[in-house]
Amino acid sequence: MLLALRAAPSPPLGRYRLRRPPCHPPAAERPGRERQVALGAVTVRIYDSKQQAIVDLQPLKPGEVSMYVCGPTVQSSPHIGHVRSAVAYDVWRRWLAHRGLRVTFVRNVTDIDDKVLVNAVDEPWWALAYRIELEFTAAYRAVGVLAPTYEPRATASVPEMHALIALLIERGHAYPALDGSADVYFDVRSWEQYGALTRQSIDKMEPAADADPRGKRDPRDFALWKARKDDEPASASWESPWGAGRPGWHIECSAMSRKYLGDAFDIHGGGLDLRFPHHENELAQSTAAGLGFASVWSHNGLVNVDGEKMSKSLGNSIFAADLLASVRPIVARYFLVAPHYRSTIDLRTAGGSLEGGSLAEAEAAFGRIEALLERAARAGELPGADVPDAFGAAMDDDLSTPQAVAVLHETTRAANAALDAGETDAGLARAGEVRAMLRVLGLDPADALWQSGASAETEALASLVESLLAERRQARAAKDFAASDRIRDALAAAGIAVEDGKDTTTWSIA
């Protein structure tokens, strides 16, 4: 494979574009919470981080579930933690749909933020945001994550943020900065329930470090609107009733969830690292504005590498490009699905190499399932089947995928045993159940996604490699040849050869 990659500016479409045609349903009156989902005798249970307990899922609208999941802040390339979160809520979505619920799934893109502006060194901030967004999209698609129902960008909802901020000021829970700037802050002491999500006392919280404290009543007050700074580009500023500026991080999700799901919705999801301050602040500002907001708060666990938290200082970050270069995407998904979504995943390497350790074990385990399906296909046609009761019970119990995957492997062994004994019909029946479970988990090798996997993998890999080569071009332009060589060596270690021409850079899989 030989691809030519040329640097080209991205169009400034970031603040207006949606993944699908926009649809802005009006905020409906909040239905009574006593209404239950019509699932017969089935009860889906989910861990609520706010109550710190597993609760029955009781959708606001019978037969429907509304989910808002915090998507990426598109400041830098996606890592395995981002992919893990996306896969976790993709499985939740698939399982709820399997149980007969109509799921509206919203995952946002935070395309304006302090870090986006800081990282946009040699390109416009909106170009960086768009380029990184494409990397996330490619990584999600490569591991079988379904496209969201709506995928709004923060920059497309600024008017809704203005309306929410104005409502908070009117209700006495927000105020313009005391120093006369265009900053607007949420008054944490005006809301007695502040700290309810993480069960913290205000006095024990650290000051909010998102703005200069001189304009605040309390150092813990957080920014809803940030005044434009002289060193920031004019394109990163919007007019508002309080002056030119841009939104604070937290108000973005409150406004977008309201815009697409209404004043109240069923599930708010995201990574465990978002509980504080992001989700705590979302909860406070939305409920202080009089919104019902999320019925259930769900948080997925993080990913460690060889027993240590991923961090830039340790140099142990595993990026999506690393993952996809080391193992088949369907196996990467299996590796991320098998542990419980709330648990911490420990990715064990083989002396620092991803081509061993945990991923090799996942390849072997999933390979046994694939081998059964291939064997069954040679024996006859797989009958239609539903998932086994034990699998369903595990999934209904807070998406207990470790138990569900255990049922998957037990059924695989039973199918092989039946085929070994010459009991073809029984073996095919068990293999049919295996396929049914794989479909629910997004792991069926016969799915069109994986059948066209070569194309999807190529597209994902090309997007990720292009991003790295763009960083390399910037390093070369800045005469930072050490950084340029590090990127080239990293690509070479992943089996990717780079050739520099006069006007282009080409790469190929060695």
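A residue is called buried when its relative accessible area is under 20%, exposed when that area is over 50%, and partly exposed in between. Keep in mind that this is a predicted model.

**Exercise 1. Now try aspartate 398: is it buried or exposed?**

Step 1: Look in the loop between helix 10 (389–396) and helix 11 (401–420), which is where aspartate 398 lies.
Step 2: Phi is positive here too, about 55°, although aspartate 398 is not a glycine.
Step 3: The relative accessible area of aspartate 398 is 1%, so this residue is buried.

**Exercise 2. Work out the surroundings of isoleucine 46.**

Step 1: Start with the element: isoleucine 46 belongs to strand 2 (residues 45–48).
Step 2: Its relative accessibility is 1%, so isoleucine 46 is buried.
Step 3: List some partners. Leaving out neighbours within four places in sequence, isoleucine 46 is in contact with residues including Trp92, Ile267, Tyr341 and Asp398.
Step 4: Take one of these and compare sequence with space. Isoleucine 46 and isoleucine 267 are 221 residues apart along the chain, while their C-alpha atoms are separated by 9.6 Å.

**Exercise 3. Which residues have the most contacts inside the largest nonpolar core, and where does that core lie?**

Step 1: The largest nonpolar core has 135 residues, and Leu96 and Phe391 have the most contacts inside it.
Step 2: Domain 1 (60–300) and domain 2 (308–445) both contribute residues, so this core lies between them.
Step 3: Zoom in on leucine 96. Not counting residues up to four places away in sequence, leucine 96 touches Val44, Leu57, Val65, Met67, Leu101, Val103 and Ile267.
Step 4: Look for another core. A second, separate one has nine residues, among them Leu491, Ile496, Val498 and Trp507.
Step 5: In soluble globular proteins, nonpolar side chains tend to be buried together.

**Exercise 4. In what order do the strands of the four-stranded open sheet run, and which helices pack on it?**

Step 1: The order is 5-4-10-11, with parallel pairing.
Step 2: Strand 5 (102–107) and strand 11 (293–300) are the edges, each pairing on one side only.
Step 3: From one strand to the next, the twist averages 25°.
Step 4: Strand 4 (residues 64–69) is joined to strand 5 by six bridges. Methionine 67 stands opposite phenylalanine 105 in strand 5.
Step 5: Helix 5 (residues 249–261) lies across strand 4, strand 5, strand 10 (264–271) and strand 11, at about 155° to strand 4.
Step 6: Helix 6 (residues 275–288) also packs on the sheet, touching strand 10 and strand 11, and its direction makes about 175° with that of strand 11.

**Exercise 5. Which residues does the cis peptide bond join?**

Step 1: The cis bond joins phenylalanine 276 and proline 277, with omega about 5°.
Step 2: Proline 277 is in helix 6.

Key:
Residues are numbered from 1 along each chain as its sequence is written. This is a predicted model: local features need pLDDT of at least 70, side-chain atom pairs count only at pLDDT 80 or more; totals for chains, interfaces and linings use all residues. Side-chain values use heavy atoms; hydrogens and water are left out. A nonpolar core is a set of buried Ala, Val, Leu, Ile, Met, Phe, Trp, Tyr and Cys residues joined through side-chain atoms within 4.5 Å. Buried means under 20% relative accessible area, exposed over 50%, partly exposed in between (1.4 Å probe, protein chains only). Domain bounds come from an automatic or database domain assignment. Contact means heavy atoms within 4.5 Å. Two strands pair if DSSP finds at least two bridges between them. Helices (H or I, at least four residues) and strands (E, at least two) are DSSP runs, numbered from the N terminus. Axes are lines fitted to C-alpha atoms, for helices over the stretch in contact, and angles run from 0 to 180 degrees between N-to-C directions.
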